[in-house]
Amino acid sequence: PFEKQARGSLIQWCMDDDILAPEKLEKMVPILRDNPKVTLVTSQRNFIDAEDNVIYDPVLQHKLDLKGECNGLTGYWAGYNTLTESANFIGEPSATLFRREDLKHHYWRAESKGLYTISDVAMWLELMEKGDLVIFRDPLSSYRRHKEQEGQLPEVILLSRMEWLQLIEEYYSRGIFLTDEDAYKKSLLKLYNEYVKFFVNPNNLDLKSYTSAPNYEKYKQAMEGIAEKLK
């Protein structure tokens with residue numbers, strides 16, 4: 001893996017089918033250089049399809065109402081909102097820039113707390129424990145999304161929801177970001193409401209492809225376990 005072979009103090013990922021804006025590093029490097037309390041820099045990003053067309057989907061993009069070219073957010077705010085919304089508004093690895101020394105659990109699965117689908121979120125939360133976030137309003141990267149991606153497989157999507165639950169439980173038990181029961185239950189309710197919407201009272205989801213996934217029963221048990229905790 002290049003991350004282990006690289007020797008630079010900053011890490012910039014570029015996943016094989018993503019696109020970086022030419023000025024991305026020019027804008028982001030000075031933020032980390034001049035602000036030691038900032039541990040992560042990112043930007044809002046475009047989503048593109050297989051033909052480089054921009055996909056306009058507010059559910060995917062988790063757009064923030066940002067003022068000015070870039071905005072500083074506390075690590076607590078970023079971590080809290082990531083966990084309570086089960087949403088990665090910080091972005092995929094290509095969107096970010098961070099210092100190698102600030103991160104212990106790097107991207108590779110064995111080092112990212114054993115997470116398979118949201119190991120990037122595990123990295124961002126670890127960095128938010130240690131410092132703050134700067135996010136650029138305009139996109140400085142484009143994340144490609146298409147049907148052939150592993151992340152679009154039903155079993156991978158279901159696993160991601162269970163991994164969100166794993167992170168929620170971890171941070172609540174440690175008293176970080178989710179510092180009280182209300183925050184904890186808010187995080188659980190987000191996952192449970194999604195389960196009810198798509199699997200208990202299904203709308204237009206292709207249920208068969210999900211209910212036949214090898215990990216569906218495990219996912220169902222995990223979500224029903226949330227219902228018990230919310231009583």
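Strands E6 and E8 run antiparallel and are joined by four bridges (strands are DSSP E runs of at least two residues, helices H or I runs of at least four, both numbered from the N terminus; two strands pair if DSSP finds at least two bridges between them). The model is predicted, so local features need pLDDT of at least 70 and side-chain atom pairs count only at pLDDT 80 or more, while totals for chains, interfaces and linings use all residues. Residues are numbered from 1 along each chain as its sequence is written, and side-chain values use heavy atoms, with hydrogens and water left out.

Asn-71 stands opposite Ile-135 in E8. The open sheet has three strands in the order E3-E8-E6, with mixed pairing. Strand E3 (38-43) and strand E6 (70-73) are at its edges; each has a single partner strand, so one side of each lacks a neighbour in the sheet. From one strand to the next, the twist averages 20°. Helix H2 (residues 24-34) packs on the sheet and touches E3 and E8 (contact: heavy atoms within 4.5 Å). The direction of H2 makes about 165° with that of E3 (axes are lines fitted to C-alpha atoms, for helices over the stretch in contact, with angles from 0 to 180 degrees between N-to-C directions).

The largest nonpolar core has 47 residues (a core is a set of buried Ala, Val, Leu, Ile, Met, Phe, Trp, Tyr and Cys residues joined through side-chain atoms within 4.5 Å; buried means under 20% relative accessible area with a 1.4 Å probe, protein chains only). Among the residues with the most contacts inside this core are Leu-40, Phe-98 and Tyr-219. Elements that each supply at least two of its residues include strand E8 (132-136) and helix H9 (216-229). Apart from this core lies another, of 10 residues, among them Ile-31 and Val-41.

Methods. Buried < 20%, exposed > 50% of the residue type's maximum accessible area, 1.4 Å probe, protein only.
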